[in-house]
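Hello,

Here is the structure I promised to pass on. Please open it first, then read my notes below with the model beside you.

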Amino acid sequence: MERNLFGGTPADVAENEAGVRVPGGVGLVWDGPGEGAAQVTDLVDINGSPIVQLVADERGVVPPFWGPADGREALWADFGVGRVKLTSSNLGERYQAHTEALDPHGSKAYTDQQLGAYVPRRGARLTVEKGATWGAMTVPGVEGTSGDTAGHVLRLETENRTPAGHTEFTRLKNNGAVLVDPVGAHVPVAIGQYEGAGDSSTALSISRGRAGTDPAVFRVRADGRVEASGAVSAPNIGGARLFSGPSAPTNPRVGDVWVAYGA
């Protein structure tokens, strides 16, 4: 703890029995008002020199001095006519410093220390009991139809930029969207299916409504079948043409089918 400042105010004076100030009065300092109080000798004057008693100035005012190193807030001074309570005079400055300090109670440092034990920065292994939720995130409410599209709940970044100037990769945005980008030339998304699943089990499903609801407008089955409820457009499907006869089509396109017969 730190020493608190005492004295130096109009209320901190040496007085006689008549209440008249005593210039140059000498007094002792105690840790309480009662007879069982102990004398306090761990005092320091305003210049940093140790003192064991108080000496009033020419006006009878007790000069500023620093109290014991235990940081106590109150002392009792006796100039021969009884003990008078002295209260530390730097409370305002200490309160302001306390409110402006980064971690005045040490709670931030404690939390940082404990957090490292709960969620290790590397090699983390989390065990969640059945039916329990490990973590839940609250994001801003919907604004119109977009929600908050600027903020991120989770963001994977690289230390250095890619050749194209990117540092952000997989992100979970505040509106629930997941953006998946690989760090380097890797498969962005790999979806596996339990080896015991049947051929018709779903490996990937995109629903018209919220996830997992029907109807599914796009589905990939465990055996690789692709089911789409709408038209599928690609260079060799969707716009394919069917020809038949002894001669090939004059201007064939990718995806055209020619069934030759009658040659």
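**What I found**

Strand β7 is largely enclosed by the rest of the structure, because four of its five residues are buried. Buried means under 20% relative accessible area, exposed means over 50%, and partly exposed lies in between (1.4 Å probe, protein chains only). Strands (E, at least two residues) and helices (H or I, at least four) are DSSP runs, numbered from the N terminus.

A word on the source. This is a predicted model, where local features need pLDDT of at least 70 and side-chain atom pairs count only at pLDDT 80 or more, while totals for chains, interfaces and linings use all residues. Residues are numbered from 1 along each chain as its sequence is written, and side-chain values use heavy atoms, with hydrogens and water left out.

**The whole chain**

The protein chain has two helices and 16 strands. Its C-alpha trace spans about 135 × 40 × 35 Å along the principal axes. The radius of gyration is 41 Å, whereas a compact globule of 263 residues would have one near 18 Å. That radius is taken over C-alpha atoms, and the globule rule is 2.2 Å times the number of residues to the power 0.38. Of the 263 residues, 19% count as buried.

**The sheet around β7**

Back to β7. It belongs to an open sheet of four strands, in the order β5-β2-β7-β8, with antiparallel pairing. Two strands pair if DSSP finds at least two bridges between them. Strands of a sheet pair through backbone hydrogen bonds, either parallel or antiparallel.

The edges are β5 (54–55) and β8 (83–87), and each pairs on one side only. Strand β2 (residues 26–30) joins β7 (residues 74–78) over three antiparallel bridges. Look for two tryptophans here: W30 stands opposite W76 in β7.

On to the next pair. β7 and β8 run antiparallel and are joined by five bridges. L75 has L86 in β8 as its bridge partner. The hairpin of β7 and β8 has four residues between the strands, and G80 there takes a positive phi near 105°.

**The sheet of β12, β13 and β14**

This open sheet has three strands in the order β12-β13-β14, and the pairing is antiparallel. Which strands stand at the edges? They are β12 (202–207) and β14 (226–228); each has a single partner strand, so one side of each is left without a neighbour in the sheet. Neighbouring strands of this sheet are turned by 10° against each other on average, direction ignored. For such angles, axes are lines fitted to C-alpha atoms (for helices, over the stretch in contact), and angles run from 0 to 180 degrees between N-to-C directions.

β12 and β13 pair over five antiparallel bridges. One place to look is S207, whose bridge partner in β13 is A216. Three bridges join β13 (residues 216–221) to β14, again antiparallel. There, F218 stands opposite A228 in β14. The hairpin of β13 and β14 has four residues between the strands, and G224 takes a positive phi near 100°.

**Salt bridges**

A salt bridge is a side-chain nitrogen of Lys or Arg within 4 Å of a carboxyl oxygen of Asp or Glu. How many does this rule give? The count comes to eleven.

- D57 meets R59, at 2.9 Å from N to O. D57 counts as buried because its relative accessibility is 17%.
- E227 pairs with R221, with the closest N and O atoms 2.9 Å apart. E227 is partly exposed, at 29%.
- E168 pairs with R155, with the closest N and O atoms 3.2 Å apart. This pair links distant parts of the chain: E168 is in β10 (residues 168–173), R155 is in β9 (residues 152–157), and they are 13 residues apart. Both count as partly exposed: E168 at 31%, R155 at 41%.

R155 and E168 also belong to a network of salt bridges that links them with E157, R171 and D181.

**A surface patch**

V178, V180, V189, I191 and L204 form a nonpolar patch on the surface, with about 400 Å² of accessible area together. Patches are made of residues with over 30% relative accessible area and no salt bridge; like charges are joined within 9 Å, nonpolar side chains (Val, Leu, Ile, Met, Phe, Trp, Tyr) within 5 Å. Areas come from the Shrake-Rupley method with a 1.4 Å probe, and for residues only the protein chains shown count as cover. V178 lies in strand β11 (residues 178–179). Is V178 buried or exposed? V178 counts as exposed, because its relative accessibility is 55%.

Best wishes
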